[in-house]
Amino acid sequence: MAVSREFSGRLGLALLVLAPPSALGALRWGWVTGHPVLAAGSLAAYEALVAATGFVGQVWGNLRGTWARRLSDRIDQAAGRRFSRFERRYRGYVRQSHRFIDQKGLGTLGDHTPELDDVFVDVSLAARAPQQVSGAVLSEPPADVTERRSIWDFLGGKTAPPVVLAIIGAPGSGKTTLLRHTARRLCDLHRRRGLPVMLLLRESANLITGNLDVSLPAIISAQIEGLTGKPPLGWFEQRLDAGRCVVMLDGLDEIARQEDRQRLVDWVDRQIARY
């Protein structure tokens, strides 16, 4: 079909080049022989116009085909993101990966691993300046804090503006457990906005510190590679751009070198500015 169209186009252009001048010359041969210079100039101008028209037509045809292919690709990608079952698989992965408590560091280990939802005790959170946070694992709340507040009080609902929070506490005070429980809850709550993305910085530190230009979607995809199946092209980008994700970064204090921690902080600042 493509060859036939190309041949037809060339044939039509050849007829346009030859037929009109030949017909006009046959009808006005006397004028042509009486004004040879003017006739030759008119013929040259006509041929130049036809050539230019053919060139523009060819360029337009190529551009139209390129634009059509790009539009078709974008429609395919958008449909793949919209109707993909990846989100269901991804939420199932998050639920399962944070189902049980982390027994690392416990003094005694039994034969049964408790499920996180069965033993989780919600912690009280207070908005404080970093220098006002106690370094003790267990400490009394500040005197001006008179009510118990949950993490959901700070995250807000679907219509709340974006917020950046840092959960600060001593090692063992429950920061990671809180994030893991929050990720599980987000799988069922606020489905329009609450897609949980929990990144363990210790697992991505080398990738980030080696290339501060690496994107947040690339880090997410690298961390879940082989665990959930490949997401549709642009799947995480679309949800991040739409403000549908709750991104939780865990383990900054587990990065040994200070310069690596600073590079991770710089990368996080870039992602906050971008998304």
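Analyst: Happy to. A charge sits over a ring if NZ of Lys or CZ of Arg is within 6 Å of the ring centre and within 35 degrees of the ring normal. Arg149 and Phe154 give an example in this predicted model: the charged end of Arg149 lies over the ring of Phe154, 4.4 Å from the ring centre.

Now to rings that meet other rings. A pair of aromatic rings is described by the distance of the centres and the angle of the planes. Searching the whole structure turns up seven aromatic pairs. One of them joins Phe86 and Phe236: the ring centres are 6.0 Å apart and the planes stand at 85 degrees, and because an angle over 60 counts as edge-to-face, this pair is edge-to-face. Phe86 belongs to helix H4 (residues 86-97) and Phe236 to helix H10 (residues 235-241), so the pair ties together parts that are 150 residues apart in sequence.

Are these two residues buried or exposed? Phe86 is buried, with a relative accessible area of 0%, and Phe236 also counts as buried, at 1% relative accessibility.

Phe236 has another partner in Tyr90. Here the ring centres are 5.5 Å apart and the planes are at 80 degrees, so this pair is edge-to-face too. Tyr90 lies in helix H4 and Phe236 in helix H10, so this contact ties together parts 146 residues apart in sequence. Tyr90 is buried as well, with a relative accessible area of 2%.

Which residues make up the cluster around these rings? Phe86, Tyr90, Tyr93, Trp235 and Phe236 form one aromatic cluster.

For some context, the chain has 11 helices and two strands, and along the sequence they follow the pattern α-α-α-α-α-α-α-β-α-α-α-β-α. Buried residues make up 25% of the 275 residues in the chain. Among contacts in the chain with a separation of 6 or more, 73% are between residues 24 or more positions apart.

Terms used:
Residues are numbered from 1 along each chain as its sequence is written. This is a predicted model: local features need pLDDT of at least 70, side-chain atom pairs count only at pLDDT 80 or more; totals for chains, interfaces and linings use all residues. Side-chain values use heavy atoms; hydrogens and water are left out. Rings of Phe, Tyr and Trp (its six-membered ring) pair if their centres lie within 6.5 Å; planes under 30 degrees apart count as stacked, over 60 as edge-to-face and the rest as tilted. Helices (H or I, at least four residues) and strands (E, at least two) are DSSP runs, numbered from the N terminus. Buried means under 20% relative accessible area, exposed over 50%, partly exposed in between (1.4 Å probe, protein chains only). Contact means heavy atoms within 4.5 Å.
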